[in-house]
Amino acid sequence: MTDPLAEIVSLLQPTTPYSKMIEAAGRWRVRRTEYGRPFYCVVLSGSCWLEARDHAPVMLEAGDFVLIPSVHEFSMMSADPPPAHQPYSQPVRLGEAHVRLGAQSGRADVRLLLGYCILASPDAGLLLSLLPRRVHLRADDRLASLVWLVGDEARKTRPARDVILSHLLEVMFIEALRSTTVQTESPSFLRGLADERLAAAIRRIHEDPARSWTIAELAKEAALSRSIFFDRFNRAVGISPMGYLLSWRMALAKKMLRENDGTIAEIARRVGYGSASAFSVAFTRHVGLPPSQFAEQEVPA
């Protein structure tokens, strides 16, 4: 059976090369301005507040994992925040990618590992638009095991430490995305997969993207009426069924063009177009470049 989430993760190509250990004590607050990169945070011990632009504040507890696919500004502060007029805390470097906030002596009240994902896919923007605006997983048995491994690796100086830590964080990234218990506040691909009826239609799109799907056919796969299916899909995923089909076809086409995986006519047929010209028109409208020009730009130097 086709696994839509595995296909999207495969196209995203997530890596986590940047991480920093944060420990803090007392009352503290920090603020960062970012550039829309995927941000993650693992709470190794203690608790603190996270506030990100366009998101409600959330208290993070030991064992929690948070992923925000596109963050532009965020603040973190102690569970008992300092007064609003107090200046932001200045981090004190303790070592390579290791800083302390707040009181500089005594036992740390909270320990975090935070950083950014790098998504190798040029289609990252398109694919991220299908993900929730924020994923927040509370500790469970599986997550607790991963958090323990991440914390243990982060604390020690072992051979290949950074490689192991990066792979563990990538596993956490995928675990967060595939969690069927995740509750998201925004429409997303994950909400679609969590709906058994919609998931059936999404799987069929991924199994056969070249098929000339209609709303009626996809609704039948979901065992819903056309109107209910269309409305339910829009509310859960955030785009129409045909919009999702088009986005997925274009993502596949880009991958094939980048990898020189067939002629334009062959790629057109494999993503559901009857002719190279029809595909070229759709691709140009969606991407802003004709397929041949896109392929030339993507050829490695």
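**Close-up views of a predicted model**

**View 1. Packing of helix α6 against helix α8.** Helix α6 (residues 196–207) and helix α8 (residues 226–237) pack at an angle of about 90°, and their axes lie 11 Å apart. α6 is therefore roughly perpendicular to α8 (65 to 115 degrees). Axes are lines fitted to C-alpha atoms over the stretch in contact, with angles from 0 to 180 degrees between N-to-C directions; helices are DSSP runs (H or I, at least four residues) numbered from the N terminus. On the α6 side, R197, L198, A201 and I202 meet F229, R232, F233 and A236 of α8 (contact: heavy atoms within 4.5 Å). The contact residues comprise 6 nonpolar, no polar and 2 charged (Ala, Val, Leu, Ile, Met, Phe, Trp, Tyr, Cys and Pro are nonpolar; Asp, Glu, Lys and Arg charged; the others, Gly among them, polar).

The model is predicted, with pLDDT of at least 70 required for local features and 80 or more for side-chain atom pairs, while totals for chains, interfaces and linings use all residues. Residues are numbered from 1 along each chain as its sequence is written, and side-chain values use heavy atoms, without hydrogens and water.

**View 2. Surroundings of V42 in the largest nonpolar core.** This core has 66 residues, and V42, L113, M172, F229, Y244 and F279 have the most contacts inside it (buried Ala, Val, Leu, Ile, Met, Phe, Trp, Tyr and Cys joined through side-chain atoms within 4.5 Å; buried is under 20% relative accessible area, 1.4 Å probe, protein chains only). Helix α9 (residues 241–258) supplies the largest share, 9 residues. Beyond four places in sequence, V42 contacts residues including D64, F65, R111 and L169.

View 3. The whole structure contains 0 disulfides (cysteine sulfur pairs within 2.5 Å). For C48, the nearest cysteine sulfur, that of C41, is 6.0 Å away. C48 counts as buried at 0% relative accessibility.

Key:
Helices (H or I, at least four residues) and strands (E, at least two) are DSSP runs, numbered from the N terminus. Angles under 35 degrees count as roughly parallel, over 145 as roughly antiparallel, 65 to 115 as roughly perpendicular and the rest as oblique. Buried means under 20% relative accessible area, exposed over 50%, partly exposed in between (1.4 Å probe, protein chains only).
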